[in-house]
Amino acid sequence: MTGRERFLAACHGKVVDCTPIWIMRQAGRYLPDYRALRRQHSMESALSTPAIAAEITLLPLKHFELDAAIIFSDILPPLAGMGLDLSFVPGHGPSIQNPLRTPKAIDMLGVPPAQEAMASTLEAIKIVRPELDTRNLALIGFAGAPFTMASYAIEGGATRTFAHTKAFMYSEPSAWDRLMVKLSGLTIDYLNAQIRAGVDCVQLFDSWVGALSRYDYERYVKPYSHRVLSTIGKKAPVIHFSTNTGTYLDLIAAAGGHVIGVDWRIPIDQAQRAVQKPIMGNLDPCTLLGPWRELIPHAQDVMQRIAGQPGHIFNLGHGILPETPVENVARLVDYVHSYDHG
Ligand code: CP3
């Protein structure tokens, strides 16, 4: 099977010749050639220059025999199109100067078409697609899920407690609804545009939704995620990724997605039983910082728990860390591809 066939078969729960693998944040700072490119271009210019974004997308494929590439972009630029003042502060991360704190601010937000607001990423997809056709690899597009996007828009940056987001959600339920409706509509349009531009599959990142209780997920988030996942799922396979949601993976799966992406806090077989769908994960990214002799049993544990059942895409449970040795990634990819379930 080609990488693309293997990856897409696993998305649909079909039998594969070996387990497909890609790595969240595979085009990132652990790669020396990525760091070299970023010394020449700011994050903003890399995101807004299609040729550079395309080049970065392809970098990890020079190092490893991955089955899929993910388009180089970020989940936050669509917020800039809505009117939020987003910047990527070197050494600090993303920051929004005018975070949403009032219902009025939400009503002022625009919902521009992705063709306009995200034109460079859509153009980068068109550049990368023929390259991946030549190599028979899948191309993954992505967007942030409504809750994770709302949390950045309201907090303005990283947070430990999500206090502003939750306080807003509880105090202003109708403004929260209007915000989540705007974000879902924007995300549906953006993911559709990525599919039209040539991606094979899309991933919806709800990275921070695990900050919520099961009750709040169902009440304040699930209807909006469901709208995005069910609409887009008719057009292409969708991976629904979240972290820290081990106690309500049944709800995450019910919200939608062909594949459910899980972190390392739950054993993958337990997650698989909870979701009853194809599954992606779930190695702790920190295992790649240890020696190979410790990495093997951790990777083996994931493979043994899956026991060769169809519908597994190997990945880390969250993004790869900048400190990761490239050599460990190369060995992990070979290990997963040559794993024999016996
Ligand atoms: O996976 C890939 O290689 C594709 C590109 C990609 C990036 N960000 C590039 C990036 C993807 C899929 C993302 C998703 C993203 N961005 C998420 C969801 C996934 C997750 O990790 O939870 C989130 C929460 C963000 C927001 C974001 N962007 C943060 C918190 C940061 C800074 C901290 C960090 O982890 O780097 C970014 C910056 C960012 N996005 C970088 C990259 C390669 C680093 C930029 C740099 O300094 O060169």
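This report describes strands, aromatic pairs, a pocket and cavities in a predicted model.

## Basis of the model

Residues are numbered from 1 along each chain as its sequence is written, and side-chain values use heavy atoms, with hydrogens and water left out. Because the model is predicted, local features need pLDDT of at least 70 and side-chain atom pairs count only at pLDDT 80 or more, whereas totals for chains, interfaces and linings use all residues.

Helices (H or I, at least four residues) and strands (E, at least two) are DSSP runs, numbered from the N terminus. In strand β8 (residues 279-283), 5 of 5 residues are buried, that is, under 20% relative accessible area, with exposed meaning over 50% and partly exposed in between (1.4 Å probe, protein chains only).

Two strands pair if DSSP finds at least two bridges between them. Strand β7 (residues 259-261) pairs with β8 in the parallel sense over 2 bridges, and Ile279 of β8 is the bridge partner of Ile260. The chain passes from β7 through helix α14 (residues 268-275) to β8 in a right-handed β-α-β crossover; right-handed means that, with the strands pointing away from the viewer, the path from the first strand over the helix to the second runs clockwise. Strand β9 (residues 312-316) runs parallel to β8 and is joined to it by 5 bridges, with Gly281 opposite Phe314 in β9. Helix α15 (residues 292-306) carries the chain from β8 to β9, and this β-α-β crossover is also right-handed.

## Aromatic pairs

The whole structure contains 10 aromatic pairs. Rings of Phe, Tyr and Trp (its six-membered ring) pair if their centres lie within 6.5 Å; planes under 30 degrees apart count as stacked, over 60 as edge-to-face and the rest as tilted. Tyr170 and Tyr220 form an edge-to-face pair, 5.8 Å centre to centre with 70° between the planes. Tyr170 lies in helix α10 (residues 163-171) and Tyr220 in helix α12 (residues 214-232), so the pair ties together parts 50 residues apart in sequence. Tyr170 is partly exposed at 42% relative accessibility, whereas Tyr220 is buried at 12%.

The ring centres of Phe205 and Phe241 are 5.7 Å apart and their planes stand at 75°, so this pair is edge-to-face. Phe205 belongs to strand β5 (residues 201-206) and Phe241 to strand β6 (residues 238-242), so the pair links parts 36 residues apart in sequence.

## Pocket and cavities

On a 1 Å grid over the protein atoms alone, a cavity is a set of points where a 1.4 Å probe fits but cannot get out, and a pocket is an open set with protein on both sides within 12 Å along at least five of seven lines; lining residues have an atom within 4 Å of a point. The largest pocket holds about 1400 Å³. Its lining comprises 44 residues, of which Arg25, Arg29, Asp74, Pro94 and Ile320 lie nearest the centre.

The structure has 2 cavities of 30 Å³ or more. The largest cavity, of about 40 Å³, is lined by Pro78, Pro112, Ala114, Ala117, Met118, Leu186 and Tyr190. The second largest cavity has a volume of about 30 Å³, and its lining is formed by Ser73, Asp74, Ile75, Pro78, Phe142, Ala143, Gly144 and Tyr190. Strand β4 (residues 138-144) gives the most to this second lining, with 3 residues.

Notes: Points joined across faces, edges and corners; volume = space filled by probe spheres on them.
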